[in-house]
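Here is a short report on a protein with a ligand.

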Amino acid sequence: MSFDPQQFKSQFPLFAQSENSDLVYLDNAATTQRPQTVIDAISHFYLHDNANTHRSSHRLARQATTMVERCREKAAAFLGAKLSQEIIFCRGATEALNLLAFSLGESLQAGDEIILSTAEHHANLVPWQRVAQRTGAVLRFIEDSQGVLDIHQLNTLINDKTRIVSISAASNALGVKTDLYSVKQLLAGRNINWIVDAAQLAAHQVIDAQALGCDFLVCSAHKFFGPTGIGLLYGREDALSLLPPWQSGGEMITHVALTQSEYAQAPHRFETGTSSLAAIAGLEAVLDWWGQQDRQAIQDYEQQLTHYLHKSLSALPNIKVLSPLAQNVGVVAFVPSDKTSIADMAHWLDEQDIAVRAGHHCAMPLMERVTEGGSLRASVMAYNTREDIDRLIAAIKSQPAQISSAALSDAEDIILT
Ligand code: PMP
């Protein structure tokens, strides 16, 4: 089946708004745009089904509860889980990783070891730093070179103190995919909790948690065309059953007395309080939508665009490309190689209505090693076109040498993180 990017793009109404008719949106690794069906589902929920779930027995409450549980089943299929109970709704990948860090951290002892990589997003780094401070556990790191992890270092890092391995499936900063099946082989037969941060990968590749054999996997819907404020935590049934709760309150209990409580089974043990119900309705819509897409065609098209973007930026004399092209999910980080600052260039591109991100992309340890002071980052999805990339390249070529200092200080404010 041939892929038609214009037809694909026409499903995303933001691009049809008059103020966006000239927009080149290349900030997809920060968040994606939403197809009409997601926007409709959110408004449909508030118009027709709005009630709280799992509590009341009236018609609307039943409808809302049915929708949430139906979405859970679809999410299980989307991630290749065996059972819908293996899916926990959370606010996003960050919240899911905080949940895991807290709950797995409950049984860590001083000297236990947690293996991360030097290329992680802050969401898969800072929560573990806090756990290490709280418990006396030790953080160890698989090193990367330009975002490429040397997975075989696991052989020397793992020892009988290793309790957790948590690494990303793809870097949001440089775009490189991790060889997860090598991780699987190296961890086979060991009693180690393996967590996959699939926030950057989920939009770009079919995920099969069962085939992978990981214990936990996290992702955020907003990075695969779904709503903000909703994400998924997959936990294999046996791994989840051992996990103590994180946040506490209503709905995560079976019985509450004044001084102690009994907790519900997963998934409800981890979903306390009122969930982002309208976002779950939007998530259901995006999961249905993904089910109708030709994922291989999308992936092939994104790969062509990534090659074109990488090649076009690399050909510019005043640009140094930082992202490797091999195993890249559509994220190209780059810096001006002349005296132009990244704030200056980001500001200029914004003036040309080209959206890219400038900064450390929430991966400071990685970015500070590969470049001083952060980078620009262009990231593509299947609604982008070669013309978008041509516009980016033309804008970089036409950037004037000087930009006003007032405009610059505005732009510098946004690149701090
Ligand atoms: N991990 C990775 C690899 C990511 O790309 C992101 C989002 N950029 C996160 C974690 C955090 O996701 P969120 O902000 O949606 O919680």
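## Ligand shell

Ala, Val, Leu, Ile, Met, Phe, Trp, Tyr, Cys and Pro count as nonpolar; Asp, Glu, Lys and Arg as charged; the others, Gly among them, as polar. By that scheme the shell around the ligand holds three nonpolar, nine polar and one charged residue. In total, 13 residues surround the ligand. The closest are G92, T94, N172, A199 and S220. A residue is near a molecule if its C-beta atom, placed from the backbone, lies within 6 Å of it.

This is a predicted model: local features need pLDDT of at least 70, side-chain atom pairs count only at pLDDT 80 or more, and totals for chains, interfaces and linings use all residues. Residues are numbered from 1 along each chain as its sequence is written.

## Domains

The chain splits into domain 1 (5-30 + 294-413) and domain 2 (38-291), with bounds from an automatic or database domain assignment. Their C-alpha centres lie 29 Å apart. The contact (C-beta atoms, placed from the backbone, within 7 Å) takes 23 residues from domain 1 and 24 residues from domain 2.

## Strand β7

Helices (H or I, at least four residues) and strands (E, at least two) are DSSP runs, numbered from the N terminus. Six of the seven residues of β7 (residues 162-168) are buried, so the strand is largely enclosed by the rest of the structure. Buried means 20 or more other C-beta atoms within 10 Å of the residue's own, with C-beta atoms placed from the backbone.

Strands pair if DSSP finds at least two bridges between them. β7 pairs in the parallel sense with β3 (residues 113-117) over three bridges. β7 also pairs in the parallel sense with β8 (residues 193-197), over five bridges. I167 stands opposite V196 in β8.

Conventions:
Two residues are in contact if their C-beta atoms, placed from the backbone, lie within 7 Å. A residue is buried if 20 or more other C-beta atoms lie within 10 Å of its own, exposed if 12 or fewer, and partly exposed in between; C-beta atoms are placed from the backbone.
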